[in-house]
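I opened the notebook to look up one residue and then the overall fold.

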Amino acid sequence: MNTNHILFLENIGIKNANIHSQLTPGQLHDLTLQRREGTETSTGALAINTGKFSGRSPQDRFIVKDSITENEVWWGDVNIPFEAAKFDALFNKLTEYLSNKELFIRDAYVCADPNYRLNVRVITETPWENLFAYNMFLRPEEKELANFIADWTLICAPSFQADSKTDGTRQENFAILNFTRKTIIIGGTAYTGEMKKGVFSALNFILPVFKNALSMHCSANVGENGETAIFFGLSGTGKTTLSADPDRKLIGDDEHGWTAENTVFNFEGGCYAKVVNLSEENEPDIFNAVKRGALLENIVFKKGTNEVDYTDISVTPNTRVSYPIDHIHNIQPGSIGSNPKNIFFLTADSFGILPPIARLTPGQAAYHFISGYTAKIAGTEAGVTEPQPNFSACFGAPFMPLHPTRYAEMLSKKMKDADVKVWLINTGWTGGAYGTGSRMKLKYTRAMITAALNGELNNVNYHNHAVFKMAIPETCPEVPSEILNPRNTWEDKELYDTKAIELANKFKANFAQFESYANDEIMAGAPEV
């Protein structure tokens, strides 16, 4: 038993706990099976069910309003303030609840660049949550653990439920960040993504405010020539899929920093991928990463077997897998790259309006970064019967404590200083909206990205979209030219024009909240109606 961990728990108010410290993935896997909290799949991965919550609950994520955050955080519906006194009372209630219980502790860190490293001590109720922490955070070497000092503490207690009447929460579940106490507490929910995004939210405040580094919700990889590419995008747009390129080395699939020293580094030590319709043919790297050590969430087995049915979303459309990054064979040593030369904004436009690839000006890049657009398809949520626009500033608003223009200004300056090309990639629909058109073929999207990375789109002819004004290439290797202009793929061209204007108006309505903060260059990047 780790004496340092015993003293640490006692110091924060957790008494007489039965502690498991730094267990191996195999031990955590086996304990989960022994406790009947999971099932081993045919590939050796561990499958669990997160219960009532199979996704994040943004309305129940809070930030303590204190002297550090009061004048820095962009308070509102995304960043909901929480009283410091209420946090202290809830924290004491939580630690008392966890006393005398079986707990799992893991010392880990985030930020692969040693100049930005942050040590995190993770305390969980279940072995499989601890396995998630092992997979997703960076793993110290054995010699580092003896003198490990935690910069932040993360406590995850899904069986603990808050009382909204007395604790200051909205309901029984919560995820609360306290920058003064350097602590994140999560309760009432077993969805592991709350752990990952809690730490990400903390870094999205710490790095820009205190370290002069840009934090980004993006994936990143490196080519044989050493050039880094970055992929921004919301969930379901293809960040993980497109960055897992067999011809390029993966830095990371979701969260990165871009430093003043011109490095791009992964925050994490693993990947957290959606597995809906996962197949070896379309996503071989991710498919083959689902083996012993990986943790599957809320999947369904084929009847009478322990083989996963990736097409079955009867539990949730948000089926997931976490795995250590070394489950992907082609990874970048140290998870660090140099300044990017290409940035891709990914959107899954279910209206079928945006082109499959377009080149953006600096103003357009800033405008689309602040907008953070994708679209929901019919049937993904109750009441959604036709495509719905989804705007999430900086392609990750729920995790961004600062005003979106703070991140946009940092990104814009870095893009100009590094002379980066910025591309919009629509992985969504072509030939019409969802229900009429079809999803853009993955092989075409990969070909377009490869052409951009190889410089094969530098000298082709372009024309500007009539409404969104972005430059559309007229030819691209390995891609039929007729699909490059989305208007050409619609049978009813006039209907396309009408729908393009409708979507542009949705962009402008969303951006109205940012206009007073945006300069002339950014506003010039807006669509023209």
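I am working from a predicted model, in which local features need pLDDT of at least 70, side-chain atom pairs count only at pLDDT 80 or more, and totals for chains, interfaces and linings use all residues. Residues are numbered from 1 along each chain as its sequence is written, and side-chain values use heavy atoms, with hydrogens and water left out.

Overall fold. I found 14 helices and 28 strands in the protein (DSSP runs, H or I of at least four residues and E of at least two, numbered from the N terminus). The radius of gyration, 23 Å, is close to the 24 Å from the globule rule for 529 residues, so the protein is as compact as a globular protein of that length (taken over C-alpha atoms; the rule is 2.2 Å times the number of residues to the power 0.38). I noted that 59% of the 529 residues are buried (under 20% relative accessible area, 1.4 Å probe, protein chains only).

Arg320. I placed Arg320 in strand 18, residues 320–324. Arg320 is buried but has no salt bridge (a side-chain nitrogen of Lys or Arg within 4 Å of a carboxyl oxygen of Asp or Glu). The nearest side chain of opposite charge is Glu297, 6.5 Å away (Lys and Arg count as positive, Asp and Glu as negative; His and the chain ends are not counted). Leaving out residues up to four places away in sequence, I listed what Arg320 touches, including Tyr191, Tyr272, Leu295 and Glu297 (heavy atoms within 4.5 Å).

Key:
Buried < 20%, exposed > 50% of the residue type's maximum accessible area, 1.4 Å probe, protein only.
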